[in-house]
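Visitor: I am new here, and I would like to be shown around. Could you take me through it step by step?

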Amino acid sequence: MDLEKVVKRAIELGASEVDVYLTKTSETLLTLSNVIDASKYTKLFSLGIRVVVNKSVAVVGTQDLSHEGIEKSLKSAISIAKVSSPDPNWVSMNKRIMETKMSNLFDKDTAYATPEDLKQVAMELLDSVSEGYRNAKPVRGAVTARSVEINYMSCYGGPLTRAETVSGLYIYARVDEGGKTGTFSEHDIQRSYKKLRARDVGYEAGSRAREFLEAGELPNGMYELILLNRVTTSILSVMITPAISALNVQQGRSPLSGRVGEEIFSQHVNIIDLGTSPEALGSKPFDDEGHPTKDTVVFERGVLKTYLYDTYTALREGRESTGNALRTFSSAPVPQPHHLRLMPGKARLDELIGETREGVLVMDTIGEWLSNPVSGHLNATITHAYLIREGELVKPVKGAVITSNIYELLKHRVETIGEDLRIEYGISAPSLKFGKVRIAGT
Amino acid sequence: MLRDIALRALKTAEVLGASYAEVRTQLFSYELVTVDNMVLREFSKTYRVGLGVRVLYNGCLGFSSTNDLSDDSVRETVSRAIVAARASKKTESLGVREPSRGRYVSSWKIKPEDVSDEAKTELMIRVNKAGLSVDGIKSSVSRLGIQHDWRYVVSSDGAELEYESYLIGVAHLSVAVESGSMERVSNQESSVSGWEFIEGRDWEEFTRSVSKLAKEAVKAPLPPAGKTRVIADPEMVGLILHEAFGHATEGDLVASGTSILKNRLGEEIASQLVTIVDEGVVEGGYYVPFDDEGSLKKKTVVVERGILKSFLTNRESAARLNLPVTGNGRAQDFTHMPIVRQTNFYMMPGDWGLEEMIKEVREGLYLVGKGSSGGQVDTGAGTFTFSAGPSRLIRNGELGELVRGVVVSGSILETLRGVEAVGKDLRIITSAFGGCGKDSQMVRVGDGGPHILIKELIVGGG
C-alpha cells in the first residue's frame, strides 16, 4: 500500500496533521490438549489513521483496505476531527521521524514457520510432560509463531518500517492420583521458534503438577515472602507500568505524580525501560509515532528519575519524548514501556530460600491484575506455593491471598534480589525476597 | 457480497476434499469516545471485515483467516486451512446438531450512526464535567462505546445463519485524593440497544454517583483479612458464577481434564437453592442468538436445584463428551476458531429479601459489584478470585461502614455448596467495554443473578 498517497489525501481533505500506521500480522498457532487439537493460520492487515484539524484529534482504524474502505475511513476521521472540541494540550505530532539502528528482531524461519514446523515443537512439549512425572498429562496448551511488520508515515516524514518475530508456547499439566489433583502450567517465549525450550517447559509442568497433588491450606498470618521471577513480572506490569506513564501522571491517576527525584523504592531497586536491546522482547527501532527509541532509566537505586513520555505528554511539559508511544491500529498512541526490566541482583533462588525462616515461595498466582495501581494496593491469589521453614521447602500450599501495598513492599520490605532474570514480552524481572507480609489464608 | 464470498469459500473447501467446512464472514465496527478531565482525549472508530474458514480434513481440524477478500486470497485461505488440518493429530467427529437457517436482529429504535459525532462529543464532555464537579475528585475519565456486529455463518452440513446487533454503553472512572491517599472507582452501564438507551438515562447523575463513591471510599479502611460470611449483590453473583463456576462447565475444559467438574454430571455439586442457566438472548444480557459454528443458542440448564445437569459445549467438545451441542462455540471475531464460551450465565432467583439476609448474617461483609475490576479462576486447582467495589461490613444484623480494596477468593465447589439463601430479585448485565478472556480471545458476555448469602469466602484485606 502507498502510505504517501493516504497522507496526501488526508491533507487534501482538510487535515492539518496526519499519520498512518499499517500493521501486517501473520500467525501460525497450534492448540493442544493431550494431542494437537487444531491448527490455524491468520494473515491480517490493519491500518490506523490519525488526523488533527485545529487541535482536534481523531483516530480511525480499519481492516477494510480496499480503495473505498480507506477513503471512507479518511473522510470519517476528518469529519470527527472537524466537529470535535479542540484539545488545549495539543501541540503537534512527532516531528523527529527517525530510527535507532537495531538488528536481530526478525527471524525468517519463524516468520515462515508452517504448521508442520511447529508440530515438531508441540510433540516434544507434549511428550516431555510425562518425563516430568509418569502420571502427569498435558491437558491444555499452545505453540505459536508470529511476525508483525509495522509501516509508519506522517506529514512530517517517513516511511519507516520495522518487523519482528515472536514465538511462544505454554502447557498446563495435570496429575490425578488417589482422589487428589495436582496442576501446574509453564510457558516460554523467544524470537525464534527454534529456541523454544519445549522439553524443559513440559518437564517442569509435569514434575510440579505431581508436587502440587499434596497442596494444603495456608493459615492466615504474616510470612516472609519470595515471589518467583514469573510472579514478579506479572505483578510489576500491573502495578508499575501504569504508574510511570506520563499520561497517568499528568491526568492525576498515578501515585508517582510530582515525585521525580524522590526515593520511592529501596536502593537495591533499579528499573530500566529497554527500548533498544534485541534480547529484551518489545524493544524496537522506532516507536508507534515514528520517534527513535532509547533505553530509559526509570528508577536508579530506588530514586524515580523520569516518567515515560510520548510526544503529546512530552510537549505538554516542553520536553523531548522518551520514544515510548505505543498504539494499536485503532487507538491513539499512549506512553508505555517497551520492555521494563527490574535489574537482577546476585542471589540464587536457593539462597533466597535458605535465608528464609518462616515464609512462602510463590510459584504462581491468579488475579494479580485485579490490584489497584492508583492506590498501590496489591492483591494476588496464590494457586501454587511452598511453605518454607528454616531455609527448607516443607510442603506445597494453595488458595491464600497476598495482600499488601507495592510501594511499602519495594521500599521497606524487599530484602534480597535474585539473579534469575525471567524475560517475558515487554517485561523482565528476577525473583524477590521480602520480609514479613500479610497473607490471608484459612 | 460477504455472503457470496463465504459461499464461494465453502465450495472451494468441498472441492479441495474437506469432509466438513464452515465459513464465517463478519462486518464489525466499534466507536469509542474518551473524555479525560474535560478534554476529548480520543474519538476513534474501528472497522473490521474478513473471513474465517474451518475445515475437517481427514478427521483433523484446520482454520485459517484473512481480511484480504480478493478471489486469490480467499482460495489461498481455504487451502491454508487444509494445510493447517494436516498438522493436527486428532481424528475426531463433530457433535451433530440440527442445521438451522435464519436471520436475527437485536432491537433498536435509533441507529447510533444516525447521531452526529458532535452530539456524542458534547454529551461526553458534559457527563465528564459532572463527574469532575464532585469535591475531592482529581481525575475523571468518561467513555462512550458503540459496537455494531454483523456475522454470517454457512456450513457444509446446511447451516446458514446471520445476525446483526448493536451494543452501547457509558463507562466512567473517578479518582479521589485525600490526605495523600488515592482511590479509584469505576462503573459502566451498557445495553443491547440503539441510541435510545443513551437518551433514556441521566448520565450526569451516573458519573456524579461514581465520584461520590470514590470520595467516600478514599477514606475507607480495608476489610479485616480472613474467612467471613458474605452477601453478594447481583453484579457480584454474576462475577462469582462466571469465574468460579461457569468456566469449569465449559466442555472443552471438561473434555481435556482441566475442569474440576469432570465426570460429575448428575451429582449434587451445589446447595439445593441453586439453579443456574446459560441463555443466548435474555433481558439485560448480551445478544447471542446462535454461535460461530452455526448452532442456535437456546436456554441451557446447567445446575438444577444443586444437581449438575449439563456442560456448555461446542460441536467438538460435544462429540468428545458424548453430550448434546448447546451452541456455545464462540469466536472473538473472524480471525479466531470457535471455542467453548459462556453467553449469559446467571442464577435463577429464590425467595429471600435482602433485609432478611442481612439480619441472618449478623456479622460479615456485603459485597458490591459496582467498581469491581473482574476476576479469574484456575479451573483445575479449583481456586477463584475476584475483586469487589467499595463494599460494606455487616455488623449486628445491619449494614455498617464502607470498606475498600476488597478481593475475595475461594474454592469453586465449597462456595456453591455454601449458598445459604437466594434472593427474589434478578439482574443481568453486559458491557460494551470489556468481556471475558480465554485462550487469547475476548468475547462479550452477560451475567448476573439475585442477591445470595454465602457461608464463607476468604477476604484479602488489611
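Visitor: Where do the names and numbers come from?
Guide: This is a predicted model, in which local features need pLDDT of at least 70, side-chain atom pairs count only at pLDDT 80 or more, and totals for chains, interfaces and linings use all residues. Residues are numbered from 1 along each chain as its sequence is written, while chains are lettered from A and ligands numbered from 1 in the order in which they are written. Helices (H or I, at least four residues) and strands (E, at least two) are DSSP runs, numbered from the N terminus.

Visitor: At roughly what angle do helix 2 of chain A and helix 3 of chain B cross?
Guide: Axes are lines fitted to C-alpha atoms, for helices over the stretch in contact, and angles run from 0 to 180 degrees between N-to-C directions. The axes of helix 2 (residues 67–83) of chain A and helix 3 (residues 117–132) of chain B come within 9 Å, and the crossing angle is roughly 45°.

Visitor: Is helix 1 of chain B parallel, perpendicular or oblique to helix 2 of chain B?
Guide: Helix 1 (residues 2–15) of chain B packs on helix 2 (residues 71–87) of chain B at about 45°, with the axes 9 Å apart. Angles under 35 degrees count as roughly parallel, over 145 as roughly antiparallel, 65 to 115 as roughly perpendicular and the rest as oblique. That makes helix 1 of chain B, relative to helix 2 of chain B, oblique.

Visitor: How many bridges join strand 1 of chain B to strand 2 of chain B?
Guide: Two strands pair if DSSP finds at least two bridges between them. Strand 1 of chain B and strand 2 of chain B form a hairpin with two residues between them, and Asn37(B) in the turn has a positive phi of about 50°. Arg24(B) stands opposite Gly52(B) in strand 2 of chain B. Strand 2 (residues 39–57) of chain B runs antiparallel to strand 1 of chain B, and the number of bridges is 17.

Visitor: What is the bridge partner of Phe28(B) in strand 5 of chain B?
Guide: Strand 1 of chain B also pairs with strand 5 (residues 137–155) of chain B, in the antiparallel sense over 15 bridges. Within strand 5 of chain B, the partner of Phe28(B) is Asp149(B).

Visitor: Which strands are the edge strands of the open sheet in chain B?
Guide: Six strands of chain B form this sheet in the order 11-10-9-14-25-22, with mixed pairing. Each edge strand pairs on one side only, and they are strand 11 (307–308) and strand 22 (427–430) of chain B.

Visitor: Which residue in strand 11 of chain B stands opposite Val303(B)?
Guide: Strand 10 (residues 300–304) of chain B and strand 11 of chain B pair in the antiparallel sense over two bridges. They form a hairpin with two residues between them, where Arg305(B) in the turn has a positive phi of about 45°. One bridge partner of Glu304(B) is Ile307(B) in strand 11 of chain B. Opposite Val303(B) in that strand stands Leu308(B).
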